[in-house]
Amino acid sequence: MSRNILHIFGWDPKFMPPFRDLVKNHFSHQTHRFIVHGVFDGAQLEPDPDMLVCQNLLSSSFLISREMRCADQIIIHGLFSNHLLYLLFLNSQVLGKCHWVMWGGDLYVGRMEKKDWRWHKNEFFRRFVIKRLGYLVTYVPGDYLIAKEMYGAKGTYEECIMYPSNVFHEICETRKDRTVLRIQVGNSADPTNLHHEIFRKLERFKESEIQVCVPLSYGDPVNAREVKRAGNEIFGEKFCAIDKFMSASKYAEYLSNIDIAIFNHSRQQGMGNIVKLLGMGKKVYLRQGVTSKGFFDGIGVKTFCVDNIDVERLDETIADNNSEIIRRFFSENKLIEQYKNIFE
């Protein structure tokens, strides 16, 4: 018997359309409906009779509540929206059939430094909802454990690499000149990248043949300007700000020409970038104790700690081993099989 599966998805052009295509191409024998919320240009998303688009969840609360009650399964793609928390709280009878696809930032909101009355109010709803969710979907076991520790989550852990953007695809390196060592710092303009801390660690290498590349095309525009100013001041012509949005194929080509990547986040973040870089045999630095580093350690992928940065390319034997593990773990066939287990 066909199952009625409802997806609730905050709009993101990098994740939502490719995921919908994956579902339509591989799970057409099931009924999948999508509720897409957020502010965006309607032209970015093809019309679909199985999709409800709403800028404000509360204004469509009656319809969404009915959809949730009628669904056999509910897949929550990121638990960022406070309005979604309120709706789930008011429809608590559906929580047992909800699968929370954990993005990272939707988990770590509980560790925010700024904790005003609004934060406390929303954390009350967040704790109520997360504690009762039937399933938690991630490929980082450490994040599942944090959900249990912070929110008392009791749901079942479901391993899944989540989105087509996490599938590793081979790409040939296009760069000819290998004399300059290209170092990427962070994955966005978000302050959680802690760019300045890494700039200070790299400053001692600024006379070497390096180029420091920093993606700043999305995130906090104010922080982007400050990071760009500091980078130019420290590294001069050896600093390159990536402040124009690239297509997925262009960005993959750009990553293929990076030698070393440094991610100084204090939480799991930027996994799409990290997976691609490791699959390409690049040297990746992560902060010790972050769940993403624990995950890679657990599957046998070698990463390095930001406390001890050098400017040497990755040993070829280690690079080949990392690439092989990434190709196996982050394959499209594995993603399809994982969602088959979740949906059926």
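Biologist: How many salt bridges does the structure hold, and what counts as one?

Modeller: A salt bridge is a side-chain nitrogen of Lys or Arg within 4 Å of a carboxyl oxygen of Asp or Glu. By that cut-off, the structure holds 19 salt bridges. Keep in mind that this is a predicted model, where local features need pLDDT of at least 70, side-chain atom pairs count only at pLDDT 80 or more, and totals for chains, interfaces and linings use all residues. Residues are numbered from 1 along each chain as its sequence is written, and side-chain values use heavy atoms, with hydrogens and water left out.

Biologist: Are Asp-48 and Arg-20 buried or exposed?

Modeller: Buried means under 20% relative accessible area, exposed means over 50%, and partly exposed is in between (1.4 Å probe, protein chains only). Both Asp-48 and Arg-20 are buried.

Biologist: Where in the chain do Lys-228 and Asp-243 lie?

Modeller: Their side chains form a salt bridge at 2.8 Å, N to O. This pair links distant parts of the chain, with Lys-228 in helix 8 (residues 221-235) and Asp-243 in the loop between strand 10 (239-242) and helix 9 (248-256), 15 residues apart. Lys-228 has 34% relative accessibility and counts as partly exposed; Asp-243, at 34%, is also partly exposed.

Biologist: What about a pair within one helix, such as Arg-328 and Glu-324?

Modeller: Those two lie in helix 12 (residues 316-329), four residues apart, or about one turn of the helix. Arg-328 counts as exposed at 52% relative accessibility, whereas Glu-324 is partly exposed at 33%. Through shared partners, salt bridges join Glu-170, Glu-324, Arg-327 and Arg-328 into one network.

Biologist: Now the sheets. In what order do the seven strands come?

Modeller: Two strands pair if DSSP finds at least two bridges between them. The seven strands form an open sheet in the order 3-2-1-4-5-6-7, with parallel pairing. Strand 3 and strand 7 (156-159) are the edge strands, each pairing on one side only. From one strand to the next, the twist averages 20 degrees. Axes here are lines fitted to C-alpha atoms, for helices over the stretch in contact, and angles run from 0 to 180 degrees between N-to-C directions.

Biologist: How many bridges join strand 4 to strand 5?

Modeller: Four bridges join strand 4 to strand 5 (residues 98-101), and the two run parallel. His-77 stands opposite Val-101 in strand 5.

Biologist: And which strands does helix 2 lie across?

Modeller: Helix 2 (residues 61-70) lies across strand 1, strand 2, strand 3 and strand 4, running at about 140 degrees to strand 1. Contact means heavy atoms within 4.5 Å.

Biologist: What is the other sheet made of?

Modeller: Six strands form an open sheet in the order 10-9-8-11-12-13, again with parallel pairing. Strand 10 and strand 13 (304-305) are at its edges, and each pairs on one side only. Two bridges join strand 12 (residues 283-286) to strand 13, where Phe-304 is the bridge partner of Tyr-285.

Biologist: Which residues of the largest nonpolar core touch the most other members?

Modeller: In soluble globular proteins, nonpolar side chains tend to be buried together. A nonpolar core is a set of buried Ala, Val, Leu, Ile, Met, Phe, Trp, Tyr and Cys residues joined through side-chain atoms within 4.5 Å. The largest has 53 residues, and Phe-19, Tyr-139, Phe-296, Phe-330 and Tyr-339 touch the most other members. A second, separate core of 36 residues includes Val-94, Met-102, Leu-107 and Leu-133.

Biologist: Where does Leu-79 lie?

Modeller: Leu-79 lies in the loop between strand 4 (73-77) and helix 3 (82-90), and at 0% relative accessibility it counts as buried. Not counting residues up to four places away in sequence, its contacts include Trp-100, Arg-126 and Leu-133.
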